[in-house]
Protein chains: 2
Amino acid sequence: MTTLLVTWKEPGQVGIEAAWNARKNGADLVTMIEKGLAACEMDPSLMAIGLGSLPNSDGDLELDAAIMDGRDLNCGAVCSVRGIAPVISVARMVMEKTPHVMLAGDQARRFAIENGVVPINLMTPECIAKYDEWKRGEDEKFFVHTMNESHDTVTMVGLETGPDGKPHLVAASATSGLAWKMPGRVGDSPIVGAGIYADDEIGAAGATGLGEELWKACASYRSVRNMEAGMTAQEACEETVRHMMRRQTNSTDLPCVVMALRKDGDIGAATTKGEFPFWICRDGDIEFREHLALT
Amino acid sequence: MTTLLVTWKEPGQVGIEAAWNARKNGADLVTMIEKGLAACEMDPSLMAIGLGSLPNSDGDLELDAAIMDGRDLNCGAVCSVRGIAPVISVARMVMEKTPHVMLAGDQARRFAIENGVVPINLMTPECIAKYDEWKRGEDEKFFVHTMNESHDTVTMVGLETGPDGKPHLVAASATSGLAWKMPGRVGDSPIVGAGIYADDEIGAAGATGLGEELWKACASYRSVRNMEAGMTAQEACEETVRHMMRRQTNSTDLPCVVMALRKDGDIGAATTKGEFPFWICRDGDIEFREHLALT
């Protein structure tokens, strides 16, 4: 049995379908999730992540991604990478080809190119037009994202249970970060513990939304540890979100979302604000679900 | 009462004395810790962090730093910054002057310069000579640090208890990363949750050593949560280190160290390998302590 969760409606649908198509071609769990996120990154019609998403305040796209394998807690990540996509594949290369967890900025780009990734222009006429429109109305020094614009992160978690009953979990995330962000800003998405976490002994979790607040709470790791302590996936996410709402005054300025998948297949999600739509795929059966903010 | 912990012998001594001197000039806890780490970064005779430390495999110094304020969980970090020091002060600027947690690479450098930090050459004749010597013997594609060379991270955690008995905690870290590291490599030090964590409701923790393994375990956050669950600071660190030794096969290749400071002043530290020397300063009384690896 293979279970996948993917954040947000439009990019999530592209991601989950691409992941399941990869499985039909024999992909393992890591590859399914990589292909799912890569499809979102490379689809210029999605103004969500990767190619054709919303740039930073300079009009440059800087991408982040991370992937974690719950088997041995191995992980790979890149942050602030310009002119390279899909960055989820570069994060996977960091995990598999280096002894490191993260490469940053121009050096991550260099690593990608040295490993055969061809640099590309990430901007499209559509996102240039959006940028120009924003720039005309610019009135703040630092640009806090308006979540109405788009969902700028796609996070996937997956569980595969083998014939021996042993669970295997993977979590991954790819993002272009907050629209109009300060150049160089890194949010929770590429941060193992904040944006993603996976441990075969417990479960996996992923976060999306206001990255700064999710990072301060180590939201994904906290949710995984909550499941270890005996909570259901839903209780685990709600505890994390309620803790953030109590402890972090900015956590309800924008949605802060956590979703979790326990090693037995139990699923949960919670958000500090708004609605959180996500997709579930169980061996190809695809279901859409929406969670309302906790009150 | 003010209590400070600082990692490692030589740089730790420089750090703790500078921090206490700052206090004598009226500095608050955040400033004490910033000044302590900045003194280590700016001392070219310490081949530890900042100016005159050991560069990456290109012969470039790339610095990382983070700071977290336990009052509101606010934090700031920079990674892979070239030609700027002290980066702990840039991390503090990210915390205080932006709504963000982390800035990466050349954009973090640009932010620093825009905020008045003057670019400098970080290399010294001594570290150039060390680099040239290493380069002649180079035989690996990826360079795993030899901890004999130096301790390349300084981590500080501090507790201040006001007249009202309310504890206030701060954690911070600054590093040049593994000697001869892959360019762009980011370890645990600038990662909130991995290299540092502070929460006034519980305590603070800091990590140092093999950053990749410490990050996979979210070592600092795990240790703080352990104290929340009722452990002493020592038990909290030991649980984290034992968990790493069981779950992460590479965690004993090099020392993985965690130290913790509970909100009531209780102190602990543990390492997967070797000895971990650190300094304790209680209202100016300075004590040196060494912990042996857990067996």
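This report walks through a sheet, a chain-to-chain relation and some aromatic contacts in a predicted model.

## Ground rules

Residues count from 1 along each chain as its sequence is written, while chains are lettered from A and ligands numbered from 1 in the order in which they are written. Since the model is predicted, local features need pLDDT of at least 70 and side-chain atom pairs count only at pLDDT 80 or more, with totals for chains, interfaces and linings using all residues; side-chain values use heavy atoms, leaving out hydrogens and water.

## A four-stranded sheet in chain A

Chain A has an open sheet of four strands in the order 8-9-10-11, with antiparallel pairing (strands are DSSP runs of E, at least two residues, and helices runs of H or I, at least four, numbered from the N terminus; two strands pair if DSSP finds at least two bridges between them). Strand 8 (196–199) and strand 11 (267–271) of chain A sit at the edges with a single partner strand each, so one side of each has no neighbour in the sheet. From one strand to the next, the twist averages 10 degrees.

Strand 9 (residues 203–209) and strand 10 (residues 256–262) of chain A pair over seven antiparallel bridges; A:Ala207, for one, has A:Val258 in strand 10 as its bridge partner. Helix 7 (residues 219–228) of chain A lies across strands 8, 9 and 10, running at about 145 degrees to strand 9 (axes are lines fitted to C-alpha atoms, for helices over the stretch in contact, with angles from 0 to 180 degrees between N-to-C directions; contact means heavy atoms within 4.5 Å).

## How the chains relate

## Rings and a charge

Over all chains, there are 15 aromatic pairs (rings of Phe, Tyr and Trp, the last by its six-membered ring, with centres within 6.5 Å; planes under 30 degrees apart are stacked, over 60 edge-to-face, the rest tilted). A:Trp279 and A:Phe288 make a tilted pair, because their ring centres are 4.8 Å apart and their planes at 55 degrees. A:Trp279 is buried at 10% relative accessibility, whereas A:Phe288 is partly exposed at 32% (buried is under 20% relative accessible area, exposed over 50%, partly exposed in between, with a 1.4 Å probe and protein chains only).

The charged end of A:Lys9 sits over the ring of A:Phe288, 5.3 Å from its centre (NZ of Lys or CZ of Arg within 6 Å of the ring centre and within 35 degrees of the ring normal).
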